[in-house]
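Me: I'm new to reading protein structures and keep getting lost in the terms. Could you walk me through a few features?

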Amino acid sequence: WVAEREESLILANPEADKRFDFRIDTAFAAGPDEHNRTWRVNNLLAMPLKQQNGLLLGVCIMLNKAGINFLNSDERLFRTHCHQLILSLSMRGVEGEVETQETVSEAIDRCKMLVLCKNAFLFTKDTSEQSLILESPRILVPMADGLLGYVARTGVSVSIKDVAADPRFDTAIDEALQTKTVSLMCVPVKTAGDSSSILGVLLLSNKRGDVGFSQQDKVLATVLAKQIGQLYLAGRRKDTRKVQTALQTSSAEDMSSNRTPQGSPGRISSDY
């Protein structure tokens, strides 16, 4: 049903739903029950796995949440993890690098949608690691800053319900962005596989509903920041390869144009 309609599904009592297939139970071994089934499914959350181009890859399912049934907030978090799984299942390019059609900008927009906030901005370290840079509009924040700089230096997330009451927030950022920040959350963007290496900071502001960011939002944003970091690094490596290819092509063309044809007089280049 999930694959056919390409829609998520939450069931609080799967055994009472005709769409549920009891054969799912037999895939697990925990001892037979009174119906001779090896495992019982008390609740579930199922979600389609779709590539950016809309192609369905499959279905991912979570079973038996402890204590209570699955909630809409679980679906939002699960959707994020499914996206990470899609990245892993996508085609891999040079040196096993994941190739995806999603850009950093699109990932940031997805972050706003999932965390339910108005704004999201990615600040990355400059080459000297003395400043954090927002590319558009271009804003430089010193690493000594008490908020963004603190998160980039320590790797510790910060959530503020009312920035007007917190001296760490620099209103110059609002002036540069032409926004009015009320609530915000900053999470570190770390290098995949090396949690000690911080690429920058993901700044989320103005949680919908005039409430502060929750612990659930923090968990979700942390996962999203990891994905954004992967895309950022992949894009940077791709740009580096383009430059290297262009330089190699240019060098080959120069060598070809400077090559002296056989039987013709030698020519002195002005470079020598």
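Reply: Two strands pair if DSSP finds at least two bridges between them. Bear in mind that this is a predicted model, where local features need pLDDT of at least 70, side-chain atom pairs count only at pLDDT 80 or more, and totals for chains, interfaces and linings use all residues. Residues are numbered from 1 along each chain as its sequence is written, and side-chain values use heavy atoms, with hydrogens and water left out.

Me: OK, in which sense do E4 and strand E5 pair?

Reply: Antiparallel, over two bridges; E5 covers residues 131-134. Lys125 stands opposite Leu132 in E5. The hairpin of E4 and E5 has five residues between the strands, and in this hairpin Glu129 takes a positive phi near 60°.

Me: How many of the nine residues in strand E4 are buried?

Reply: First the idea: buried means under 20% relative accessible area, exposed means over 50%, and partly exposed is in between (1.4 Å probe, protein chains only). In strand E4 (residues 117-125), eight of the nine residues are buried, so the strand is mostly covered.

Me: And what is a salt bridge?

Reply: You look for a side-chain nitrogen of Lys or Arg within 4 Å of a carboxyl oxygen of Asp or Glu. A search of the whole structure finds eight of them. One of these joins the side chains of Arg19 and Asp17, at 2.8 Å from N to O. Asp17 is buried, at 17% relative accessible area, whereas Arg19 is partly exposed, at 38%.

Me: Where do Glu75 and Arg79 sit in helix H2?

Reply: They are four residues apart in H2 (residues 72-89), so about one helical turn separates them. Glu75 counts as buried at 18% relative accessibility, while Arg79 is partly exposed at 35%.

Me: Which helix holds both Lys112 and Asp109?

Reply: That's helix H3 (residues 104-115), where the two are three residues apart, about one turn of the helix. Lys112 forms a salt bridge with Asp109, and the closest N and O atoms are 3.5 Å apart. Both partners are partly exposed: Lys112 at 23% and Asp109 at 40%.

Me: Which residues are linked in a network of salt bridges?

Reply: Arg76, Lys207 and Asp217 are linked that way.
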